[in-house]
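Dear colleague,

Please find below the structure that I am handing over to you, followed by a short account of what was found in it.

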Amino acid sequence: MEPNEIKQRDRPGILARVSAAWEKWGVGVLLCGGAAALTVGAALIYPPAGWLTGGALAILGGILGAIGGGDQK
């Protein structure tokens, strides 16, 4: 084997990369997606309710971000 040849075991595979990305971004993406879906759903029923729901979720997200409950490392 050539010294400059890249071996599969020497680099992380796609599953390792996806797993690392999920650990870093997965929860935030799910929370933002859920907040957006809830806001759009409320806006479909009554548009001002969508603005109120979005504002409340933004404030809640800001509070949770300030507390920093998601920092594991």
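In which helix is the place of Ala42? Ala42 has its place in helix α1, residues 14-45; helices here are DSSP runs of H or I with at least four residues, and they are numbered from the N terminus.

Please note that this is a predicted model, in which local features need pLDDT of at least 70, side-chain atom pairs count only at pLDDT 80 or more, and totals for chains, interfaces and linings use all residues. Residues are numbered from 1 along each chain as its sequence is written, and side-chain values use heavy atoms, with hydrogens and water left out.

Ala42 counts as buried because its relative accessibility is 16%; buried means under 20% relative accessible area, exposed over 50% and partly exposed in between, with a 1.4 Å probe and protein chains only. Not counting residues up to four places away in sequence, Ala42 touches Ala49, Gly50 and Thr53, where contact means heavy atoms within 4.5 Å. Ala42 and Gly54 are twelve residues apart in sequence, and their C-alpha atoms are 9.0 Å apart in space.

Thr53 belongs to helix α2. Leaving aside neighbours within four places in sequence, Thr53 is in contact with Leu38, Thr39 and Ala42. A polar atom of the Thr53 side chain also lies 2.7 Å from the backbone oxygen of Ala49.

Finally, Ile67 is found in helix α2, which comprises residues 47-67. Ile67 counts as exposed because its relative accessibility is 63%.

Yours sincerely,
A colleague

Note on methods: Helix = DSSP H or I, 4+ residues; strand = E, 2+ residues; numbered from the N terminus. Polar contact = N/O pair within 3.5 Å; in protein donor to acceptor, adjacent residues only side chain to side chain.
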